[in-house]
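Work through the exercises below with the sequence and the model at hand. Each task is followed by a worked solution.

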Amino acid sequence: MVRLFVRINVADYETWRKVYDQFYGERGAMGVMGAAAFQLVDDPNDVTVWHDFETAEVARAFVSSDALRNVMQRAGVAGEPQIWFTTESWRPAPSFASSL
């Protein structure tokens with residue numbers, strides 16, 4: 001599994017979120033297996049999104065797609081996104097959370 005992180009600045013989070021949510025079905029067809037969005041505590045228009053993919057090739061195809069580029073433009077993304085690809089290297093044992 002490959003996790004893609006994308007950090008963007010948006011003109012308005014609510015507008016971005018509406019457009020992003022409308023892209024849900026198309027994202028799945030493009031190989032997205034999971035996703036989540038996060039906002040910077042002190043700036044809700046500073047957004048980081050992750051998407052999971054089966055392979056790096058599928059993730060790279062998603063990033064370079066015209067569909068994503070068009071959605072980002074419609075959603076009010078300002079400037080160039082910061083993009084990086086990762087693979088999981090460690091995860092705590094399930095008992096970590098149950099000890100609370």
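**Exercise 1.** Determine which residues of helix α1 are buried and how they are arranged about the helix axis.

*Solution.* The model is a predicted one. Start with the burial of α1, which spans residues 13-22: Tyr13, Trp16, Val19 and Tyr20 are buried, that is, under 20% relative accessible area. Viewed down the axis of α1, these buried residues fall within an arc of 135°, so they line one face of the helix. An α-helix has 3.6 residues a turn, so residues three or four places apart point the same way. Next, turn to the other side of α1, where Glu14, Lys18 and Gln22 are exposed. Finally, list the packing partners: the buried residues of α1 pack against β1, α2, β2, β3, α4 and β4.

**Exercise 2.** Assign the two faces of strand β1 and find its paired strands.

*Solution.* In a regular strand the side chains alternate between the two faces of the sheet. The covered face of β1 holds Val2, Leu4, Val6, Ile8 and Val10, while Arg3, Phe5, Arg7 and Asn9 are on the uncovered face. For the pairing, β1 and β3 are antiparallel over 8 bridges, and Arg7 has Thr48 as its bridge partner in β3. β1 also runs antiparallel to β4, with 7 bridges; here Val6 is partnered by Ile83 of β4.

**Exercise 3.** Describe the lining of the largest pocket.

*Solution.* The space in this pocket is about 200 Å³. Its lining residues include Val6, Leu68, Met72 and Ile83. By element, α4 and β4 each supply at least two lining residues, and β4 gives the most, with 5. By class, the lining divides into 7 nonpolar, 3 polar and 2 charged residues.

Conventions: Residues numbered from 1 in each chain as written. Predicted model: local features only at pLDDT ≥ 70, side-chain atom pairs only at ≥ 80, totals over all residues. Heavy atoms only, no water. 1 Å grid on protein atoms, 1.4 Å probe; cavity = no way out; pocket = protein on both sides within 12 Å on 5 of 7 lines; lining within 4 Å. Points joined across faces, edges and corners; volume = space filled by probe spheres on them. Helix = DSSP H or I, 4+ residues; strand = E, 2+ residues; numbered from the N terminus. Nonpolar A, V, L, I, M, F, W, Y, C, P; charged D, E, K, R; others polar. Buried < 20%, exposed > 50% of the residue type's maximum accessible area, 1.4 Å probe, protein only. Arc of directions from axis to C-beta. Contact = heavy atoms within 4.5 Å. Pairing = 2+ DSSP bridges.
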